[in-house]
Amino acid sequence: MTAIDTLPPLREVIATHQLSARKSLGQNFLLDLNLTAKIARQAGDLSHCDVLEIGPGPGGLTRGLLAEGARRVLAVEKDGRCIPALAEIADAYPNRLQVIEGDALEVNPLEHLTPPIRVAANLPYNIGTELLVRWLTPKQWPPFWQSLTLMFQREVAERIVALPGTKKYGRLALLAQWRAEPNIVLSLPPGAFTPPPKVSSAVVHLTALPEPRFPADAGTLNKVVAAAFNQRRKMLRSALKSVSPDIEDHLKEAGIPPTERAEQVSLEGFCALARSLEPQI
């Protein structure tokens, strides 16, 4: 295995700082630095970008991003045990790594980043989808980020790229494909992690589109698709009754048969429905 920098191997870092992965924080550490560098490369040319990383842990991907030439990395880490290990990386890459100890759901990274900005992270499993939805549904578009390069459980990754009419098509697919171009770029077996999770993982790369594919209000669309897929086995006229008492009229206005189920409706159809419902929601 080739070294990507002069810092110690990750196993040694974890032993030195006693960084056993915590299930409560959704932690699974990647120890192969060649693999973390490969993930970093999926984010593209980072030499002119600031990179936001969530949940760096002992810093495997952090080191990959810096070794691959990221202009600057902002790493947000909730687990205080990891801060000394990340400080060692900051010392090895002067003025290129800033570490914030805090909850990624509460920290405002834009106070510390300079555009252009990309996001690259082995997301903690317990907050990964919530962060993704937040990044995809700001009121203003284009967003603060150019691209997202994110690791998820394989099943979540497949939901992000799923097509209408398939079992995995749902809210994540609609929101991701509405404003971005998502692709699965890398698959990882459980054995790549410590401790090994019970499922495989995958890296998804999402490139922000200049404009959404169809006009719609982000908040309204998010509420509509969340309600529709919360009861995906029901016809839409039943599943969306709580959204609007006259939902059948809105479905007809959007060109969607009221007897359709959520997985049968295209992104364009849901956007038309969101536009019809926006004055009410």
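**Glu77 and its surroundings**

User: What does the side chain of Glu77 reach at 2.7 Å?

Analyst: In this predicted model, the side chain of Glu77 reaches the backbone nitrogen of Gly57 at 2.7 Å. Residues are numbered from 1 along each chain as its sequence is written, local features need pLDDT of at least 70, with side-chain atom pairs counted only at 80 or more, while totals for chains, interfaces and linings use all residues. Side-chain values use heavy atoms, without hydrogens and water.

User: OK, is Glu77 buried or exposed?

Analyst: Glu77 is buried, having a relative accessible area of 5% (buried is under 20%, exposed over 50% and partly exposed in between, with a 1.4 Å probe and protein chains only). Glu77 belongs to strand β3, residues 72–77 (strands are DSSP runs of E with at least two residues, helices runs of H or I with at least four, numbered from the N terminus).

User: And what does it touch?

Analyst: Beyond neighbours within four places in sequence, Glu77 is in contact (heavy atoms within 4.5 Å) with residues including Gln27, Gly55, Gly57 and Leu86.

User: Where is Asn122?

Analyst: Asn122 lies in strand β5, residues 117–122, and counts as buried at 15% relative accessibility. Among the residues that Asn122 touches, leaving out those up to four places away in sequence, are Asn28, Gly55 and Phe193.

User: Switching topic, which peptide bond has omega near -5 degrees?

Analyst: The bond from Pro115 to Pro116, which is cis, and Pro116 sits in the loop between β4 (97–101) and β5. Most peptide bonds are trans.

Note on methods
A polar contact is a pair of N or O atoms within 3.5 Å; within protein, one must be able to donate a hydrogen and the other to accept it, and residues adjacent in sequence count only if both atoms are side-chain atoms.
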